[in-house]
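I opened this one to go through its salt bridges, pocket, surface and loops. Here are my notes, in the order I looked things up.

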Amino acid sequence: MNIQIISYSTQNIKCEGYNIDCSTLNAPKAFDAYDVNIINLQSKGIWENNKDSKAGINQINDFESLGKLISTRKKSQVIVLLPQNYDFYYDYYSPSKKYYKALPLKDMLDILKSHILSKLFVGNWISHFDFIFGITQTLCNSSLFTADFSFETTSSDVLTKSKTSANKTTIKLKNNIILSTLHFDRFDIKLKDFLMCIGVDSTKEEIPEWLKTVELFDDKKQTETVELAAKEIEALKLKIDEANKKLEENLVYKRALVDNGQALVNIVFDMLEKMLGYDLSDFEDENKEDFLIKLNDVTFIGEIKGITSNIKSENVSQVDVHYQSYLDKLREDHVTEEVKPILIINSFRTKPITEREAVHHIQIDLAIRNGSLIITTYELLKLFEAYLNNQTTSSKIIEVFKTKTGLFSVNDCLVDNEDNSQNMI
């Protein structure tokens, strides 16, 4: 930590752990070149005025210059060490080289504050506290400080208090300036304790590694607790990772609510393959039907589509076109099959589920007339969920797909648990 200590006269101050530069009141260095700037007013030579007046000091111009440095700094911390109860000398007579008048600072506190210290503080910060005279002792870590004055304030942060009387001996103003009445008779010994006590220096002495190996008190019990908790945390992390992986997998299927084109076809194929136990990997799209599933007693033929509107009659009719074309081919080949047309459709794909309208009865009636089944991707997802949760079976799904016409509902496929022995996940 880099520190500048500004005092009445040139000093040579050293303190272990700090880089300290010493300056005088009339020649301070730029504040932001340091982490902390300490303005030390604890020198009797400051409290003199050659004029016949208590409302000033000989170095008042230096105070004004310091006030500008304080107000214009950008980042550095400022600490002002206020005077003890020195005698204030004034009315200097040159021929005799002596002051003719003197007064203890405790007897001129209002003047000290309003006419002298106010020069250090640009703005109205000086009004946020008053001085109280009375000798106190304050303990900062291992250093004991005396102080002749303490603060009376309700609008400042209190950083130190005296031992027995709890008088406020160090405060922090709202403009981030720290004021202290503690007497610094030994900077080299007391500075570190003070800065650590008020939170300016938050460093701690490094603990040697060997100290951690000394087992005392309940160290063994706490170490075992830490080790056990670490194992539990690791297990929970694995559980979270697995859950997140499953959520990602679920999200892939849920894209059936927003996708169209080949992306939608791929998702629907995946679900149909698992639920019907059928391999669609060899299916070739010849720009006719989107899928053709040949089972023992039924052939499902259909269209998979994603649209931004509600289902239209042309969507239902398109499935019927595929159906009729396939029947024509069967007749040409003199083949008899039971064929069921199915429309799997993601309608209103750009809208949330809660804002999607129901399928209109006109399209449902048309599907019934054509002997086809409309399955929305939302109902297909719920069917896949029921299948994975053993609430339906492959045989039940095939039966409903084969016999149901109009609009599909997952409720058509739900079965009792005891009937689920045929389900293959």
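**Salt bridges**

I started with D259 and R255, whose side chains meet in a salt bridge at 2.8 Å, N to O. My rule for a salt bridge is a side-chain nitrogen of Lys or Arg within 4 Å of a carboxyl oxygen of Asp or Glu. Before going on, I noted that this is a predicted model, where local features need pLDDT of at least 70, side-chain atom pairs count only at pLDDT 80 or more, and totals for chains, interfaces and linings use all residues. Residues are numbered from 1 along each chain as its sequence is written, and side-chain values use heavy atoms, with hydrogens and water left out.

Next I checked how covered the two partners are. I call a residue buried under 20% relative accessible area, exposed over 50% and partly exposed in between, with a 1.4 Å probe and protein chains only. D259 counts as buried because its relative accessibility is 11%. R255 is at 43%, so R255 goes down as partly exposed.

How many salt bridges does the rule give? The count comes to 16.

I looked up K106 and D107 too: their salt bridge has its closest N and O atoms 3.0 Å apart. K106 is partly exposed at 32% relative accessibility, and D107 is partly exposed at 44%.

Then came K382 and E379, a salt bridge with 3.1 Å between the closest N and O atoms. Both residues lie in helix α9, three residues apart, about one turn of the helix. K382 is partly exposed, with a relative accessible area of 26%, while E379 is buried at 13%. I also found a network: salt bridges that share partners join D297, E338 and K402.

**The largest pocket**

Rolling a probe the size of a water molecule over the atoms shows where empty space is left. My pocket search runs on a 1 Å grid over the protein atoms alone: a pocket is an open set of points where a 1.4 Å probe fits, with protein on both sides within 12 Å along at least five of seven lines, and lining residues have an atom within 4 Å of a point. Points are joined across faces, edges and corners, and the volume is the space filled by probe spheres set on them.

The largest pocket holds about 380 Å³ of space. I get 13 lining residues, with N250, Y253, F384, E385 and L388 nearest the centre.

Which helix gives the largest share of the lining? That is α9, with six residues. Both α5 (219-254) and α9 (377-388) supply at least two residues each.

By type, the lining divides into six nonpolar, two polar and five charged residues. My classes are Ala, Val, Leu, Ile, Met, Phe, Trp, Tyr, Cys and Pro as nonpolar, Asp, Glu, Lys and Arg as charged, and the others, Gly among them, as polar.

**A nonpolar patch**

I found a nonpolar surface patch of about 700 Å², made by I207, W210, L211, V214, L216 and F217. Patch residues have over 30% relative accessible area and no salt bridge; nonpolar side chains (Val, Leu, Ile, Met, Phe, Trp, Tyr) are joined within 5 Å, like charges within 9 Å. The areas come from the Shrake-Rupley method with a 1.4 Å probe, and for residues only the protein chains shown count as cover. W210 sits in helix α4 (residues 209-212) and is exposed, at 57% relative accessible area.

**Loops**

Most residues other than glycine have a negative phi. N141 has a positive one, near 55°. I place N141 in the loop between β8 and β9 (143-152), partly exposed at 43%.

H334 also has a positive phi, near 55°. H334 is in the loop between α7 (313-332) and β15 (339-346), exposed at 75%. V335 is in the loop between α7 and β15, partly exposed at 37%.

Buried or exposed: what is L117? L117 is buried, with a relative accessible area of 1%, in the loop between α2 (109-116) and β8 (130-140). The C-alpha atoms of L117 and I6 are separated by 15 Å, and the two residues are 111 apart along the chain.

Technical notes:
Helices (H or I, at least four residues) and strands (E, at least two) are DSSP runs, numbered from the N terminus.
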